[in-house]
Amino acid sequence: MHRIRTGLDDHGKPIAWDHVVVGQSIIAGTPFEPMLVKHGIDGTSVEGLADSPYLEDIGGLRISLHSPKTPITVLWWRSVGATHTASRWRAMVDECAHAANQDPLAYRLSMLKDKPRHAAALQLAADKAGWSSPPPAGRRARPRGP
């Protein structure tokens, strides 16, 4: 489970980001625990958050993890952290773009203004996906803000 709360400045950019992750550790109880669980935090549960190029420059960034212990073993029956963390923070970035009445791509590129390599990769993906092209006949246009 994820709960994300953000605070936006006058330009709609995040100045505060409070991200809470709740989920069982897939590392606890395995031979990897001594190497991958530090100070009680399973790094695979929060991977892709603090090191995200979109989030790392937010001054008010707080990431919290709650790892309940249950008798049900999860191990690798589910995937690792970046699969769920990336989808959640990316969805929230889209919500922030919507709140700022900005195109999601333009909004993301503005968050990457000091990260040209990341911005170029995002722009290339958008170009290859035809982001600037209208959708095919019979398809609904992508939302472009409120």
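Predicted model: local features only at pLDDT ≥ 70, side-chain atom pairs only at ≥ 80, totals over all residues.
How far from Lys13 is the nearest side chain of opposite charge?

## A buried lysine

The answer is 6.6 Å, and that side chain belongs to Asp9. Opposite charge here pairs Lys and Arg, counted as positive, with Asp and Glu, counted as negative, leaving out His and the chain ends. Lys13 has no salt bridge (a side-chain nitrogen of Lys or Arg within 4 Å of a carboxyl oxygen of Asp or Glu).

Residues are numbered from 1 along each chain as its sequence is written, and side-chain values use heavy atoms, without hydrogens and water.

You'll find Lys13 in the loop between β1 (2-8) and β2 (14-22). Strands (E, at least two residues) and helices (H or I, at least four) are DSSP runs, numbered from the N terminus.

The side chain of Lys13 makes polar contacts with the side chains of Gln102, at 3.2 Å, and Ser110, at 3.1 Å. A polar contact is a pair of N or O atoms within 3.5 Å; within protein, one must be able to donate a hydrogen and the other to accept it, and residues adjacent in sequence count only if both atoms are side-chain atoms.

## Two positive phi angles

His39, in the loop between β3 (37-38) and β4 (41-42), has a positive phi of about 55° without being a glycine. His39 counts as exposed because its relative accessibility is 83%.

Asn101 sits in the loop between α3 (81-99) and α4 (104-111). Asn101 is not a glycine either, and its phi is positive, near 55°.

Key. Buried < 20%, exposed > 50% of the residue type's maximum accessible area, 1.4 Å probe, protein only.
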